[in-house]
Amino acid sequence: MFEEVVSGLTSAQPEMHEKMYEKMRAEFWTQLEVRRAELAEKFGEKYPEAEIDDAFVFEYGRAEKDCGKCGECKGLPCSKKFFPNLQFQVSSFGRRLYLSWYRCKYTAAKVKENKAAKVLEASKIPALYVGKTFEDYEVDAENEGAVTWAKKIVSENSGQSLFISGNVGTGKTFLAAIIAQELMKLGRSVIFQAVPKLLDNLRDSYDEKSEVKMDKLISELEKVDVLVLDDLGTEVSTEWAVERLFLILNERYQEEKQTLITSNYSLSELAERLNNPKKAQKRGVSGDRIASRIKEMCKRTVLKGADRRL
């Protein structure tokens with residue numbers, strides 16, 4: 001190892017006297033042994049059986065020097081040369097000591113923040129409601145029951161599905177977005193979809209040029225932990241649309257997946273609105289069957305009152 005350190009020096013100065021070379025060699029090994037003894041004393045109490053080899057001495061020295069800057073750090077970007085964004089600790093494997101590395105607190109926080117941002121982006125929660133909590137939701141006599149149910153679903157984290165109905169502007173989407181984000185904080189994956197937009201995306205996936213195919217889209221909607229279907233019933237009721245909605249809801253019903261649904265219509269009104277021509281009913285797909293699935297899988301609550309946007 002010493003030869004590697006001084007090889008450049010000896011080749012660049014071939015006239016160096018042999019005695020100078022031997023002196024440097026002796027000083028090098030003396031310093032190495034001193035450093036080995038220091039580290040043995042430093043870690044001997046915790047690792048009494050450990051053997052301090054040359055590799056650990058050099059690795060620890062380099063890490064200690066570079067990470068010595070961490071005590072003065074006030075955040076990112078990291079100023080370290082060799083081990084940016086990292087800190088280390090000494091660990092053992094048998095009688096051998098080694099360095100294990102981990103993210104510093106600032107880097108770990110940034111990684112967590114970036115991950116949360118990606119999860120939020122993937123959830124497709126409307127920007128208007130991002131970051132909103134129950135504290136932002138105005139509670140009164142006309143929505144108190146719905147809010148109570150929403151908080152119960154979050155606090156119990158039981159996977160209970162919920163159907164929220166009510167007139168336009170009563171806060172259905174707002175409440176569903178809050179529930180979804182609270183469940184995300186508990187580690188649940190979420191997809192938030194306005195049903196008309198969802199059906200448009202599924203139609204677009206038929207296109208050969210589409211990067212995402214229908215099977216993949218439907219699979220994502222069926223498997224995500226929490227699916228929010230916003231404004232069910234406002235889409236154009238066609239045989240194709242009802243079939244797609246039934247496939248998604250039926251799969252989530254059978255797999256007991258948590259689903260939050262908002263609609264301007266009661267279940268009976270929704271069934272009537274989604275009922276298709278006889279051709280669809282003969283195939284066993286109708287608004288009645290969708291309403292039946294929702295009734296079985298969801299607790300139901302109603303938001304009353306006038307349009308709060310006005």
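Helices (H or I, at least four residues) and strands (E, at least two) are DSSP runs, numbered from the N terminus. This is a predicted model, in which local features need pLDDT of at least 70 and side-chain atom pairs count only at pLDDT 80 or more, while totals for chains, interfaces and linings use all residues. Residues are numbered from 1 along each chain as its sequence is written, and side-chain values use heavy atoms, with hydrogens and water left out.

**The whole chain**

Begin with everything shown: the protein has 12 helices and seven strands. Of its 310 residues, 38% count as buried, where buried means under 20% relative accessible area, exposed means over 50%, and partly exposed lies in between (1.4 Å probe, protein chains only). The protein exposes about 18,600 Å², of which carbon and sulfur atoms supply 51%; accessible areas come from the Shrake-Rupley method with a 1.4 Å probe, and for residues only the protein chains shown count as cover. Contact means heavy atoms within 4.5 Å, and among contacts between residues at least 6 apart in sequence, 71% join residues at least 24 apart.

**Stop 1: leucine 260**

Select leucine 260, which is found in strand S6 (residues 258-263). Leucine 260 counts as buried because its relative accessibility is 1%. If neighbours within four places in sequence are set aside, leucine 260 is in contact with Leu162, Ala176, Ile179, Ala180, Val226, Leu227, Val228 and Leu229.

**Stop 2**

Not counting residues up to four places away in sequence, glutamate 182 touches Thr133, Phe134 and Val154.

Then select serine 123, found in helix H4 (residues 105-123). With a relative accessibility of 0%, serine 123 therefore counts as buried, and, leaving aside neighbours within four places in sequence, serine 123 is in contact with Met184, Val190, Ile191 and Phe192.

**Stop 3: salt bridges**

The structure holds 10 salt bridges, a salt bridge being a side-chain nitrogen of Lys or Arg within 4 Å of a carboxyl oxygen of Asp or Glu. Show the side chains of arginine 36 and glutamate 33, which meet in a salt bridge at 2.9 Å, N to O; both residues lie in helix H2 (residues 18-44), three residues apart, about one turn of the helix. Arginine 36 counts as buried at 17% relative accessibility, whereas glutamate 33 counts as partly exposed at 42%.

In helix H2 as well, glutamate 38 and arginine 35 lie three residues apart, about one turn of the helix, and their side chains meet in a salt bridge (3.0 Å, N to O).

Now select arginine 95 and glutamate 51, a salt-bridged pair whose closest N and O atoms are 3.4 Å apart. This pair links distant parts of the chain, with arginine 95 in the loop between S1 and strand S2 (96-103) and glutamate 51 in the loop between H2 and H3, 44 residues apart. Elsewhere, salt bridges that share partners join Arg35, Glu38, Lys42 and Glu64 into one network.

**Stop 4: a positive patch**

Select Arg62, Lys65, Lys69 and Lys81, which form a positive surface patch. Patches are made of residues with over 30% relative accessible area and no salt bridge, like charges being joined within 9 Å and nonpolar side chains (Val, Leu, Ile, Met, Phe, Trp, Tyr) within 5 Å. Lys and Arg count as positive and Asp and Glu as negative, while His and the chain ends are not counted; the place of a charge is taken as NZ of Lys, CZ of Arg, CG of Asp or CD of Glu. Lysine 69 sits in the loop between helix H3 (54-67) and strand S1 (86-93), and lysine 69 is partly exposed, with a relative accessible area of 39%.

**Stop 5: backbone details**

Proline 77 lies in the loop between H3 and S1, and a cis peptide bond, with omega about 5°, joins leucine 76 to proline 77.

Finish with lysine 124, which has a positive phi of about 65° although it is not a glycine, and which is found in the loop between H4 and helix H5 (144-156). Asparagine 157, also not a glycine, has a positive phi of about 45° and is placed in the loop between H5 and strand S3 (161-166).
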